[in-house]
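This report is written to be read beside the sequence and the coordinates.

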4 protein chains.
Amino acid sequence: MEEKEYQELIGPYRECLGNMENRLKILAEDYRKRYGEEPIHHMQSRIKTKDSIESKLEKKGREKTADEARYYLRDIAGVRVICYDLAGIRKLARALKKQGDLEIVKEKDYITSPKENGYKSYHLVVGVPIYRVDGMEYYPVEIQLRTMAMDLWASLEHRSCYKRKEEDRQAWSERFLQYSLLLEQMEQAVAEDREQTEKRRNPA
Amino acid sequence: MEEKEYQELIGPYRECLGNMENRLKILAEDYRKRYGEEPIHHMQSRIKTKDSIESKLEKKGREKTADEARYYLRDIAGVRVICYDLAGIRKLARALKKQGDLEIVKEKDYITSPKENGYKSYHLVVGVPIYRVDGMEYYPVEIQLRTMAMDLWASLEHRSCYKRKEEDRQAWSERFLQYSLLLEQMEQAVAEDREQTEKRRNPA
Amino acid sequence: MEEKEYQELIGPYRECLGNMENRLKILAEDYRKRYGEEPIHHMQSRIKTKDSIESKLEKKGREKTADEARYYLRDIAGVRVICYDLAGIRKLARALKKQGDLEIVKEKDYITSPKENGYKSYHLVVGVPIYRVDGMEYYPVEIQLRTMAMDLWASLEHRSCYKRKEEDRQAWSERFLQYSLLLEQMEQAVAEDREQTEKRRNPA
Amino acid sequence: MEEKEYQELIGPYRECLGNMENRLKILAEDYRKRYGEEPIHHMQSRIKTKDSIESKLEKKGREKTADEARYYLRDIAGVRVICYDLAGIRKLARALKKQGDLEIVKEKDYITSPKENGYKSYHLVVGVPIYRVDGMEYYPVEIQLRTMAMDLWASLEHRSCYKRKEEDRQAWSERFLQYSLLLEQMEQAVAEDREQTEKRRNPA
């Protein structure tokens, strides 16, 4: 893929990504007004680089062209939404799935069912509509919803080099499973503390 | 209206305005690819100020509240699209009116039928959908499409102080009608020149 | 130049351009507060495309590399500032030239001395400082200040195809000189009207 | 303070904040090129709200005016920089302190000397120059540099309600000190792993 082809490829993905970020901001703002609580700590958006698209196509045994990328990849545009707690993730996911003009392409709940290494996150791929001169088209955007602790875990795991080393791979794997547990406990303790305090102030 | 109320009022209008700017950029980009020509010279967006909203409500004999503003004003959010020529305006307007998720609220063609003072512009008010936690809502955005010459005329007319002065109001009115004519002639001459050159190169 | 090289080349120019736009917005805001008048109608920024950089290097008889571009081109980053009147242009230019951390690279006043074809604009090339890990560097940004009428003229002239045609080149040249004159007269009439009205209201 | 006064107050702080974000992006980009590693995970900027400014002035025993805010507050504009590791924090801080046009207003290293409750972060307040029509002025921007683990800790501590409750305050305090320790250990383990792997690959 030439750089020019790549730039043309990602144009509409960039627009859809901006559109999705806006939808998330509107939902967050709406929640803040209703429940007095901000659900989103921060968001991070990215468009896959040319190199990353090509290596992913290669892994899938596809040709490295813009057409194949459009057809086979659903994570060219991605936004990661770091939430304050699990409740925020659930609320946002539910609201997104109700937006009538989006197309739900894929849903994967790695929070209820974490990956074997301890990875947790809620993934949603939605088709976002774009209006062109002669009609409408959907482009996929991958949304990852996770708490700050899940994000810290994923970053530590990603930065660790244990996967490359035979000798202490097993020890590190166990360590990361333990980290995952510790982080979950911290977040849960604080969440429960908030909930109880809330209940004491507003008994049903 | 308190400033806080105003800030809350304009929140969703700001989002819809951004959404509309994006739609226009996508259309412009699409045209550039199809016809090799950029249709838009530049865009200018504005959200009505608190003072301006209040004085407009007053003129309409309404109370100066956010609710009345939401109900009676359709130009709280506005984007002005300055095009290179009339053909661009017509193409963009047609494409916008075909976008299935927008609601056409009002259309006013001051190009075909200029105002008495010489004002020319094509106005379209559309309802832009916003998805909230519990459903979808439309917010109006006013789109003004005009050429650079129409924009220069409007700016000169707006900046001129003749309206305040009894004595030479008539002379200035005639002058602006004449300016309007001169500016139209300049743009038309260049547009025709382009068209003929195009035809000579690509005879049907 | 490979696209990747181009992307790396323009990175710092993009930053400096954003920095310059910000400086202009701050000045405009400051003027609005002091004189009650907005000086800037709108701004347009652009980074030269790869093709445009290469063809310019070719014209200059240079190699088409990023290094040569950095060394020989001073308009890779450019911002066009469309002002409401000549007074605004003069005030902004004066304020920019006083900003102590900028380096004045080049100044060209095509308003006082228009080009032969009628082109008018005030050009300023300034070096904008960027702070890196190990020190500071200047990158040039070209600033073009012009009124709306000058901008309309430049656009019409640019879009006209007369330069390609032998037969009526002379007629068109004269026509554009006349357009330039007519447009200047319109702007000047309105400017004088404003000035007189101002004087009547605030006699010294 | 009226909302209008507040809006005018924060104008230049907003510009300086944008300027600072840009400087940080340029440094991050520069590091990525030099060391092949991105130092910044993400940034979060905020302008203090009107309510927050007023309550801070009240605490300081000052009048709630824009002038007092300008004079006594140094955190009206703030940017939080979440880094991948401690090394990134140190490098960015060093580079910022070398930028000749900034004024170092205050430096506080809560990483070397954490607060009693376990809070860690590196704080820097710098004066950022703004050029007005008639000269230059500095506006303070507070920069907080911290790792992802420090940021998670701060968020958990901030969200916890233990401070309001007499009965288990002591238990929670100890818990947060322990969290702080656990989080530090996780980050350090991964940082050391990276360092050793790096050394093995590039022995001096």
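This is a predicted model: local features need pLDDT of at least 70, side-chain atom pairs count only at pLDDT 80 or more; totals for chains, interfaces and linings use all residues.

Helix 4 of chain D, residues 86-97, is made up of twelve residues, and the distance from its first C-alpha to its last is 17 Å, close to the 16 Å expected at 1.5 Å a residue. Its buried residues are D:G88, D:I89, D:L92, D:A93, D:A95 and D:L96. They lie on the same side of helix 4 of chain D, because the arc that they cover around the axis is only 165°. As background to this pattern, an α-helix has 3.6 residues a turn, so residues three or four places apart point the same way. The partners against which the buried residues of helix 4 of chain D pack are helix 1 (3-35) together with strand 1 (40-47), strand 2 (77-83), strand 4 (122-132) and strand 5 (135-147), which belong to chain D as well.

Helix 2 of chain D, residues 50-59, can be described in a similar way. Here the buried residues are D:K50, D:I53, D:E54 and D:L57. These residues share the same side of helix 2 of chain D, because they cover an arc of only 95° around the axis. The buried residues of helix 2 of chain D pack against helix 1 and helix 3 (66-72) of chain D. After helix 2 of chain D comes D:G61, a residue whose phi is positive, near 70°.

**The contact between chain C and chain A**

How many residues of chain C are in contact with chain A? Four residues of chain C are in contact with four residues of chain A. The area that chain C and chain A bury between them is about 300 Å², and 44% of it is on carbon and sulfur atoms. Of the area that chain C buries against chain A, 85% is supplied by C:E3, C:K4 and C:Q7, more than by any other three residues.

Two salt bridges are found across the interface of chain C and chain A. One that can be named joins the side chains of C:K4 and A:D51, at 3.6 Å from N to O. Helix 1 of chain C, residues 3-35, provides three residues, the largest share of the side of chain C that touches chain A.

**Salt bridges within the chains**

Over all chains of the structure, the search finds 72 salt bridges.

| Pair | Distance, N to O |
|---|---|
| A:E37 and A:R194 | 2.3 Å |
| D:E37 and D:R194 | 2.3 Å |
| B:D30 and B:R34 | 3.6 Å |

In chain D, the side chains of D:E37 and D:R194 meet in a salt bridge. D:E37 lies in the loop between helix 1 and strand 1 of chain D and D:R194 in helix 6 (residues 169-201), so this pair ties together parts that are 157 residues apart in sequence. D:E37 is partly exposed, with a relative accessible area of 31%, and D:R194 counts as partly exposed at 21%.

The pair in chain B is a local one: B:D30 and B:R34 are separated by about one helical turn, because they are four residues apart in helix 1 (residues 3-35) of chain B. B:D30 counts as buried at 8% relative accessibility, whereas B:R34, at 40%, counts as partly exposed. Returning to chain A, a network of salt bridges links A:E29, A:R32 and A:E38.

**A buried serine in chain B**

B:S180 is placed in helix 6 of chain B, residues 169-201. Is B:S180 buried or exposed? With a relative accessibility of 9%, B:S180 counts as buried, the cut-off for buried being under 20%. Apart from its neighbours within four places in sequence, B:S180 is in contact with B:G118, B:K120 and B:W153.

Note on methods. Residues are numbered from 1 along each chain as its sequence is written. Chains are lettered from A and ligands numbered from 1 in the order in which they are written. Side-chain values use heavy atoms; hydrogens and water are left out. Helices (H or I, at least four residues) and strands (E, at least two) are DSSP runs, numbered from the N terminus. The expected span of a helix is 1.5 Å times one less than its number of residues. Buried means under 20% relative accessible area, exposed over 50%, partly exposed in between (1.4 Å probe, protein chains only). The arc is that of the directions from the helix axis to the C-beta atoms. Contact means heavy atoms within 4.5 Å. Buried area is the accessible area (1.4 Å probe) that two parts lose on being put together, summed over both. A salt bridge is a side-chain nitrogen of Lys or Arg within 4 Å of a carboxyl oxygen of Asp or Glu.
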